[in-house]
Structures are given as structure tokens and as C-alpha cells.
Amino acid sequence: MFEVTEEERIRAAERSRRMYQTDMQSNLATVWDRGKEEGREERNFEIARNLMQMGLSPKQIKEAMGLSLEEVTHLRAENG
């Protein structure tokens, strides 16, 4: 029969704690990155709306903001 020493149990528990902490840090970093990306996208749409109000054409907005023509058209429909 295989027996695990107390020292091995302690090392395994510590290793598990470190893995858990690493996973949590990774998860938080992922959420942070997604939040930044979503914020960046919303800011791009806000700028595109402003450009639209300034009278730029959908094609100009598409080229300036890197949006698809469908996205620009959708923004145009939102703004009436």
C-alpha cells in the first residue's frame, strides 16, 4: 500500500493553492482585457456617431474608424 507523508500532503496543498491563485489572476486579467476591449469598441461607435453628425459619409466613417459598412449603417439607423 502506498502512503503519503504529511510533508507530501502539505506540498500538494500548497501547490493547489498556488494553482488556484494563478487561475484566479488569469481569470481577472481576462475579464479586465475584455472590459477594455468592450470600452474601446463603445468609444469607436461613439466617435463614429459624432462623425455621422458632422456629415461624413458612411464610407468615410467606415474607412476612418475601421468599422464595417453594416456597422455604420446600423449606427445610422439608430440615430434616425
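1. Contacts. Residues 24 or more positions apart account for 27% of the chain's contacts with a separation of 6 or more. Contact here means heavy atoms within 4.5 Å.

2. Basis. This is a predicted model, in which local features need pLDDT of at least 70 and side-chain atom pairs count only at pLDDT 80 or more, while totals for chains, interfaces and linings use all residues. Residues are numbered from 1 along each chain as its sequence is written, and side-chain values use heavy atoms, with hydrogens and water left out.

3. Fold. The chain has three helices and zero strands. Along the sequence the pattern reads α-α-α. Helices (H or I, at least four residues) and strands (E, at least two) are DSSP runs, numbered from the N terminus.

4. Overall shape. The radius of gyration is 25 Å, whereas a compact globule of 80 residues would have one near 12 Å. That radius is taken over C-alpha atoms, and the globule rule is 2.2 Å times the number of residues to the power 0.38. The C-alpha atoms fill a box of roughly 80 × 20 × 20 Å along the principal axes. F45 and M1, 44 residues apart in sequence, are 65 Å apart in space, C-alpha to C-alpha.

5. Burial and surface. Of the 80 residues, 12% are buried. Buried means under 20% relative accessible area, exposed over 50%, and partly exposed in between (1.4 Å probe, protein chains only). The chain exposes about 6,900 Å², and carbon and sulfur atoms supply 53% of that area. Accessible areas come from the Shrake-Rupley method with a 1.4 Å probe; for residues, only the protein chains shown count as cover.

6. Core. The largest nonpolar core has nine residues: F45, A48, L51, M52, I61, M65, L67, V72 and L75. Two or more residues each come from α1 (6–53), α2 (58–65) and α3 (69–78). α1 gives the most, with four. Such a core is a set of buried Ala, Val, Leu, Ile, Met, Phe, Trp, Tyr and Cys residues joined through side-chain atoms within 4.5 Å.

7. F45 lies in helix α1. Not counting residues up to four places away in sequence, F45 touches L67, E71 and L75. With neighbours within four places in sequence left aside, M65 is in contact with N44, I47, A48 and L51.

8. I47. This residue also calls for a comment. I47 lies in helix α1. Its relative accessible area is 27%, so I47 is partly exposed. I47 and I61 are 14 residues apart in sequence and 9.2 Å apart in space, C-alpha to C-alpha.
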